[in-house]
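Here is a short report on selected parts of one protein structure. Keep the sequence and the 3D view side by side as you read.

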Amino acid sequence: MGRVTDLEDLPLRADLRGLKPYGAPQAPLPVALNVNENTHPVPEEVADDILDSIAIALREVNRYPDREFTELREGFADYLGHGLTRDQIWAANGSNEVLQHVLQAFAGPGRTAFGFAPTYSMYPLLARGTGAEWIAGTREHDYTLVAETAAAQVADAAPDVVFLCAPNNPTGTPLRLDVIEAVYDATDGIVVVDEAYQEFAPRDEQSALTLLPERPRLVVSRTMSKAFAFAGARVGYLAADPAVIDALRLVRLPYHLSALTQAAASAALRHAPVMLGTVDEIVAERDRISATLAALGYTPHESWTNFVLFSGVDDPASTWQALYDRGILIRDVGIPHSLRVTAGTAEESTAFLEALASIGSAA
Ligand SMILES: *Cc1c(COP(=O)(O)O)cnc(C)c1O
């Protein structure tokens, strides 16, 4: 048999040919503000408790873990509130895997998944990975969604799964609950509200969790990767009707959450207020970044997240490179004349703003 040299030589699924994998650059630069992590480390006292919990779990690591991750589901139910109980909670290795489970159960070959572009770049990749077709809807010029037109697009496409990213990545745009209600009523499919950035929204704003009662096809997903400063641990979760959770059990791999992951996540959740202690600081940095970008002549978009999308960039690729050469990694998300930056610590945010000012690339 001849030597296999590239993908073309393999009997790859026809529907995967020509696709590109997710590939945000991972470069060891001093200031990494490209993938919306919480750039503050886990506080020392919490790290100690997490280590203790992992040490205990390690003593039984010869056995398979609790397949139902019962303690962790209880932890998430308590954290989310709204009267949720563990039978309404699911979790996996990052919310990406949670979303993959939803697509495996409710999309798949011959089915469709829908989202309003520009939105999270993983939705189409995850959908196609399950063999489903991706349908892209459109937003208003300022990236917002309006209930009536959003619902009309969904009714027209009749998808099996709808993704509503609230607030939206990569634009930061808030999503009002009336849009979610209208979209839900316009489809018989599953409606996933991805609240990966919910903790950075104004405190008095309602979560889509408030809409769960009486809506068995509504799914609200969250992650520990952003506000919780836990991206490396890979833990995401969702809340939905118990019947949805039963559907996800059909597609998950047995024991998909390792004993070490369960121990670490449960310990981190016990310290939720401390783990989330940097949120206010990050929100303040986000708003400072937006104000400074505007003063520099760019157009920052409204953001309820831990990042800012800004337009008015003459040549995003060259600005991205010039920042890279100064040790600062941000994200070119492919939106014309725009770049996205994560709000880091005060020092990181200042380093970014000063470097950008020295480049001076506002159109
Ligand atoms: C970062 C992000 C996620 C989280 O992914 P994990 O797999 O939990 O790390 C989910 N949705 C959106 C929109 C995101 O930006």
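## About the model

This is a predicted model, where local features need pLDDT of at least 70, side-chain atom pairs count only at pLDDT 80 or more, and totals for chains, interfaces and linings use all residues. Residues are numbered from 1 along each chain as its sequence is written, and side-chain values use heavy atoms, without hydrogens or water.

## Helix α7

Helix α7 spans residues 242–249. Helices here are DSSP runs of H or I with at least four residues, and strands are runs of E with at least two, numbered from the N terminus. Val244, Ile245, Ala247 and Leu248 of α7 are buried. Buried means under 20% relative accessible area, exposed means over 50%, and partly exposed lies in between (1.4 Å probe, protein chains only). The four cover an arc of only 155° around the axis, so they sit on the same side of α7. The arc is taken from the directions from the helix axis to the C-beta atoms.

What do these buried residues pack against? Their partners are β2 (89–92), α3 (95–106), β7 (218–223) and β8 (236–240). Contact means heavy atoms within 4.5 Å.

Asp241 caps the N-terminal end of α7. One of its side-chain oxygens lies 2.9 Å from the backbone nitrogen of Ala243.

Leu260 belongs to helix α8 (residues 259–270). Leu260 is partly exposed, at 31% relative accessible area.

Ala317 is in helix α11 (residues 316–325). Ala317 is partly exposed too, at 48%. Its C-alpha atom is 8.9 Å from that of Leu339, 22 residues apart along the chain.

Notes. Polar contact = N/O pair within 3.5 Å; in protein donor to acceptor, adjacent residues only side chain to side chain.
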